[in-house]
Amino acid sequence: MKRLKKAGLALGIIVLLLGLIAGLFIYELDHTRNLAIGSVDLMGIDDGVYRGQSGLLLRSNALTVTVADHKITKIEILRDAMCPVEDMREPVYTELFAAVIERQTIDVDVVSGATVTTKQYLKSIENALAE
């Protein structure tokens, strides 16, 4: 009987923890989906490498943005907890970063099928350039 109670208690704790993690994941997903992306005035930004990050606990990233002559010239990911699988995220950030550099603005369309990831990257770029 004691074994059954211990097993029930352990199962209850596992279910509770899984519920908390799922709830946190859903909260972060909803938060990011509704994330507002501001604008950046590159004319007010000096040459340099700027570090920005965005995200909460489970879905976050950090990157650097290089600015030269008031133009974004390079964006590099330092850390990405949103999608740890490089083959899945590489097409997203390649397309997005190319659009930002080409248009010289973070007011670009989100990558189809990757709205949350795109918004997180754009917010990190905004945060880097808002220092």
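Analyst: Two strands are said to pair if DSSP finds at least two bridges between them. Strands (E, at least two residues) and helices (H or I, at least four) are DSSP runs, numbered from the N terminus. The model is predicted, and local features need pLDDT of at least 70, side-chain atom pairs count only at pLDDT 80 or more, and totals for chains, interfaces and linings use all residues. Residues are numbered from 1 along each chain as its sequence is written, and side-chain values use heavy atoms, with hydrogens and water left out.

β1 and β2 are joined by eight bridges in the antiparallel sense. One example is Gln-53, whose bridge partner in β2 is Ala-62. Strands of a sheet pair through backbone hydrogen bonds, either parallel or antiparallel. Here three strands make an open sheet in the order β1-β2-β3, with antiparallel pairing. β1 (48-55) and β3 are the edge strands, each pairing on one side only. On average, neighbouring strands are turned by 25° against each other, direction ignored. Helix α3 packs on this sheet and touches β1, β2 and β3; contact means heavy atoms within 4.5 Å. The direction of α3 makes about 135° with that of β1, where axes are lines fitted to C-alpha atoms, for helices over the stretch in contact, and angles run from 0 to 180 degrees between N-to-C directions.

In the loop between β2 and β3 lies His-70. Its phi is near 60°, a positive value in a residue other than glycine. Most residues other than glycine have a negative phi. His-70 counts as partly exposed because its relative accessibility is 28%; buried means under 20% relative accessible area, exposed over 50%, and partly exposed in between (1.4 Å probe, protein chains only).

The largest nonpolar core has 22 residues. Such a core is a set of buried Ala, Val, Leu, Ile, Met, Phe, Trp, Tyr and Cys residues joined through side-chain atoms within 4.5 Å. Those with the most contacts inside this core include Val-65, Ile-75 and Leu-96. At least two residues of the core come from each of β2 (60-68), β3 (71-80), α2 (86-103) and α3 (115-129).

Leaving aside neighbours within four places in sequence, Leu-96 is in contact with several residues, among them Val-108 and Leu-122. Val-108 belongs to the loop between α2 and α3, and counts as buried because its relative accessibility is 10%. The C-alpha atoms of Val-108 and Leu-122 are separated by 8.9 Å.
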